[in-house]
Amino acid sequence: MKLGVYGGTFNPPHKGHISAAAAAAAGLALDKLYIVPSGIPPHKQLPTGSPTGIQRLEMAERSFRSIGVAEVSDMELVRGGVSYTVQTLRRLAADHPDAELWLIVGTDMFVMLDAWKNVTELLELARVAVFTRRGGERDAIRTAAAGFKDRFGMDAVLVEHDATDISSSQLRRLLPGRGGASFIEDETYAYIIQNRLYGAKPDFNWLRQKAYEMLKPSRIAHVAACEEEAVRLARRWGADVGEAREAAILHDITKRQGMDDQLQLCREYDIMTDAVESVEVKLLHAKTGAALARGLFGASQQVHDAIFWHTTGRPDMTLLEKIIYMADYIESTRRFDGVEELRSLAYSDLDQAIITGLSMSIEDLRSRGIVPHQYTEQARDWLLEHKPRYKRGSQQ
């Protein structure tokens, strides 16, 4: 039986790790490949703000599922303290006394192998396979391998694979700027975004794909137009454009759900509903959509609130809440009497546009025998009592 051990911080795991592991599993004909996230790495400190060991384990489990012989192990995390590979190999050798053990490392770790704890014992426990990220690393491997051959009698095996030119440190720099998604397995990236690890913000193309999958096809055009409108309004009035995009992309993600499903989401997320909302699915989707935006996509409180209030409005709305309310109202696919005037007003006097939009909604509901939600009337009345703040030439 041939067992491989591939350890590291996996902070975060990426497609380069996966392709290397797959190449090692195939090239060495392994029966099992243990993926072992380290606890405290001996050769480098985990960067400040790194995910917990459990979170790195969760990411690894999501990332390596495509490799049939791979098994993610928590043995180093459970053991605690500094993670020395020799201890892991001792454990596996004891558990599998008849197995042939292979230690799989990258070039950076291989060239400093003689600095590892109890390296002589380590090399007695396992053979070593090394893979490269770049073709130029082969010279460094050959030089190190020759030295290790002289000192330890060790013959290293080179694992050939198509390297992905990315590193975890590069990804940690990319993720806060909405980059890096293409280098990470989708399920792992979703976990990173859901928990906003590394200060990550979602790639907009990825976010659109996920949001659109939750919509009826007929609603996608509206959401896309709402995003465009929200971005224009955010730029006009000085709001965070990224947060406006997120809120607009996600604002209708539960719109297709029926009343029973909406109420189930309310129970799941402990959402309080009033007498009007409990019988009006149109009102509930804003609350449940906000909950899912935060629960599935790690949306900030500001984005959550903008989605939460985009249907009824509320007294003393934030700038982002106003922008999403208005973008939803006047986006380019909307067709109703007065929409052109309202669109123009939204860019010259945002507060007056909100007052007008709220008043139009109230009048429309009453004309159809529907009692407007209390927050809609309160939102309008609050604005009428305060001096409008967002007029042409102003910017918050």
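So, to start: is Glu121 buried, partly exposed or exposed? This is a predicted model, by the way. The answer is partly exposed, because the relative accessible area of Glu121 is 27%, and buried would need under 20%. Its partner is Arg90: the two side chains form a salt bridge, 2.8 Å from N to O. That pair links distant parts of the chain, with Arg90 in helix 4, residues 85-95, and Glu121 in helix 6, residues 119-125, 31 residues apart. Arg90 is partly exposed as well, at 35% relative accessibility.

Next pair: Glu227 and Arg245, also a salt bridge, with the closest N and O atoms 2.6 Å apart. Glu227 sits in helix 11 and Arg245 in helix 12, so this one ties together parts 18 residues apart in sequence. Here Glu227 is buried, at 4% relative accessible area. Glu321 is buried too, at 1%, and it forms a salt bridge with Arg314, at 2.9 Å between the closest N and O atoms.

Overall I get 20 salt bridges, and there's a network linking Arg178, Arg196 and Glu246.

On to the strands. Strand 5, residues 127-131, has four of its five residues buried. It pairs in parallel with strand 4 over five bridges, and in parallel with strand 6 over three bridges. To pick out partners, Leu103 bridges to Val128, and Ala129 to Val157.

Cys226 is buried at 0% relative accessibility, and Cys266 is buried at 4%.

How values were computed: Residues numbered from 1 in each chain as written. Predicted model: local features only at pLDDT ≥ 70, side-chain atom pairs only at ≥ 80, totals over all residues. Heavy atoms only, no water. Buried < 20%, exposed > 50% of the residue type's maximum accessible area, 1.4 Å probe, protein only. Helix = DSSP H or I, 4+ residues; strand = E, 2+ residues; numbered from the N terminus. Pairing = 2+ DSSP bridges. Salt bridge = Lys/Arg side-chain N within 4 Å of Asp/Glu carboxyl O.
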